Amino acid sequence: MTPIPVDSARFLADLHALRAIGGDSASKGVRRRAFSAEDLAARDWLAEKMAAAGLEPRFDPVGNLFGLTPGRSLLLGSHSDTQPEGGWLDGALGVVAALEIARASRAAGGPPISVVSFQDEEGRFGALTGSSVWAGKLSLAAADALVAADGMSFADARAVLAGRSGDFVDPARFSAFLEMHIEQGPVLDLAGEAIGVVTGIVGLRQVQITITGQQNHAGTTPMAHRRDAFTVAARIATALPERFANIVTPQSVWTIGHIALHPGAASVVPGRASFSLQWRDIDSDRLDRMEATIMALLDDIAADTGCEISAKRLRHDLSPMPMDLSLQAILAQAAQAVAPDRWRMMPSGALHDASNVAALMPVGMVFVPSIGGISHAFDEDTGEADLVTGLQVLADAAARIG
C-alpha cells in the first residue's frame with residue numbers, strides 16, 4: 001500500500017474557507033439551506049476547487065455535485081447544505097476531506113478517487129433528497145412534488161440549475177463509497193477516542209399527527225368542558241416513554257420536533273394541533289413495534305378525550321442499513337494504524353447519504369468526535385487535531401482499497 005500524501009494545512013484552510021460561505025458572524029455556525037444563494041455559492045466554490053484538482057465538476061438534475069476522475073474510481077464525499085442554524089462541519093467535513101484526498105492522490109499518481117456533495121441531505125424538502133433520487137429510491141417526479149416549509153417546491157428550487165446541470169452520473173463508474181462525518185453525538189468525546197468506524201445507520205420513521213378538538217373561548221370555557229388540542233398533544237408526548245418502556249433500548253430515540261396550534265391566539269382554546277413524531281432505531285422489528293405502540297396510544301387517547309386524532313406518514317421509510325463488512329475491516333485497519341487503540345466500532349444514530357448509496361455499491365463510514373456531542377447547532381465543533389486524524393484515517397483506507 002502506497003500512502004496518499006494529504007496536506008493537513010490545505011485541508012483545514014479549505015474547510016474554513018467553506019465555512020465562510022453562509023457563515024454566522026458571531027459564531028462558527030453556518031446557514032446554507034439547500035438551493036439557497038449560500039448553498040449555490042458553496043457548490044460553485046467546490047466546483048472550482050474540483051476543477052483545479054484535475055477533476056471534472058458535474059451537477060446532476062437534482063443539484064448533486066460530483067468531481068469526477070476518468071474511468072472507474074472510489075467515491076468519497078458527503079453533503080454541504082446545512083440546517084437553518086447549522087454547524088460548520090456537518091457534511092462539509094466529509095466533502096472537503098474527499099476533495100483533499102482526491103487532489104493528493106491524483107498529484108501523487110495514486111488510486112483514482114472521485115468526490116461528491118449530495119444535495120438536500122438536511123431535509124429542506126425531505127431527508128437525503130439528492131442521494132435518494134440518485135440511488136433510485138425516490139423518483140424525480142416524486143421529488144419535484146416535495147414542498148418546503150416556506151412553500152417552495154423542489155421542482156422550482158432546482159430550476160436554478162437550468163443550463164448548468166447534466167445527466168445523472170452512472171453509479172457503475174464507482175467501486176465503493178466512503179463517507180467521513182462528525183459523530184453528532186457524545187460517545188467518542190466522552191470516551192476520549194478519536195475515531196468511530198460505523199457498523200450501521202439507524203432506520204427512521206416519521207408521522208404527522210393532527211388532533212382536532214374544539215376551538216373555544218379561553219376565559220369562559222370551563223376546564224372540564226374543554227377539548228383542548230394542545231393538552232391532548234402534550235398527553236401523547238408524556239405518555240410515550242411509559243408505553244415504550246418494554247420495547248426500546250438506550251439507543252432508541254423519538255422526537256417531537258415541530259408543533260403548530262390553530263388558531264394560535266392567547267385567548268383561544270386551540271381547536272387543532274399538528275406535530276411531527278419521528279423515531280429511530282437500528283433494528284427494523286423494533287421500529288415496527290414502536291409504530292404499533294404509537295398507533296395504539298393515539299387510539300386510546302382519542303377514545304378517552306373525544307378528539308379526532310389522525311397520523312399521516314411523511315415520505316418513505318428509511319430502513320436500518322448495515323455498512324459493508326469488508327469496508328468496515330479496512331477502516332478498522334486504518335483507524336488502528338493512525339490512532340492505535342483510540343477508536344471503536346459503533347452504530348450511527350444520525351441519517352447519512354451513505355444509507356442510500358448502499359443500494360448501489362459497498363459503503364463505509366468513519367466518525368470523528370463532536371465536542372460535547374453537539375450538532376445541528378451553531379455550537380457544533382471538533383478539535384482540529386481530531387479533524388486531521390479523521391482525514392488521515394480516510395486517506396489510509398482509500399489507499400488500502402486502491
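Reply: At the start of H1, the backbone nitrogen of alanine 9 has a side-chain oxygen of aspartate 7 within 3.1 Å. That is a polar contact, meaning a pair of N or O atoms within 3.5 Å; within protein, one must be able to donate a hydrogen and the other to accept it, and residues adjacent in sequence count only if both atoms are side-chain atoms. The model is predicted, so local features need pLDDT of at least 70 and side-chain atom pairs count only at pLDDT 80 or more, while totals for chains, interfaces and linings use all residues. Residues are numbered from 1 along each chain as its sequence is written, and side-chain values use heavy atoms, leaving out hydrogens and water.

Helices (H or I, at least four residues) and strands (E, at least two) are DSSP runs, numbered from the N terminus. H1 covers residues 8-19, 12 residues in total, and its first and last C-alpha atoms are 17 Å apart, close to the expected 16 Å. The expected span is 1.5 Å times one less than the number of residues. Its buried residues are Phe11, Leu12, Asp14, Leu15 and Leu18. Viewed down the axis of H1, these fall within an arc of 160 degrees and so line one face of the helix. The arc is taken from the directions from the helix axis to the C-beta atoms. Buried means under 20% relative accessible area, exposed over 50%, and partly exposed in between (1.4 Å probe, protein chains only). The buried residues of H1 pack against helices H2 (37-52), H3 (92-108) and H12 (384-401), where contact means heavy atoms within 4.5 Å.

Phe11 of that face also belongs to the largest nonpolar core, which has 69 residues; Phe11, Leu93, Ile101 and Leu387 touch the most other members. H3 gives the largest share of this core, 10 residues. A nonpolar core is a set of buried Ala, Val, Leu, Ile, Met, Phe, Trp, Tyr and Cys residues joined through side-chain atoms within 4.5 Å. Beyond its neighbours within four places in sequence, isoleucine 101 is in contact with Ile4, Val6, Leu76, Ile113, Leu391, Leu394, Ala395 and Ala398. Another core, of 26 residues, lies apart from it and includes Phe177, Val202, Leu318 and Met361. In soluble globular proteins, nonpolar side chains tend to be buried together.

Strand E6 (residues 195-201) comes next. In E6, 6 of the 7 residues are buried, so the rest of the structure largely encloses the strand. E6 pairs in the parallel sense with strand E15 (residues 343-348) over 5 bridges, and isoleucine 195 has tryptophan 343 as its bridge partner there. With strand E16 (residues 363-368) the pairing is antiparallel, over 2 bridges; glycine 196 stands opposite phenylalanine 367. Strand E14 (residues 321-322) is joined to E6 by 2 bridges and runs antiparallel to it. Here isoleucine 201 has methionine 321 as its bridge partner. Two strands pair if DSSP finds at least two bridges between them.

E6 is also among the elements that cover the buried residues of helix H10, along with strand E5 (174-182), E15, E16 and H12. Those buried residues are Leu327, Gln328, Ile330, Leu331, Ala332, Ala334 and Ala335. The 14 residues of H10 (residues 325-338) should span 20 Å, and its end C-alpha atoms are 20 Å apart, which agrees.

The loop between strand E4 (113-118) and helix H4 (129-134) holds arginine 124. Arginine 124 is buried, at a relative accessible area of 16%. Its side chain makes a polar contact with the side chain of aspartate 150 (2.8 Å). Not counting residues up to four places away in sequence, arginine 124 touches Arg33, Ala34, Phe35, Ser36, Ala148, Ala149, Asp150 and Met152. Aspartate 120 is found in the loop between E4 and H4 as well, and is buried with a relative accessible area of 0%. Its phi is near 55 degrees, a positive value in a residue other than glycine.

Glutamine 184, in the loop between E5 and helix H7 (187-191), has a positive phi too, near 70 degrees. Histidine 262 and proline 263 are joined by a cis peptide bond, with omega about 10 degrees. Most residues other than glycine have a negative phi, and most peptide bonds are trans.
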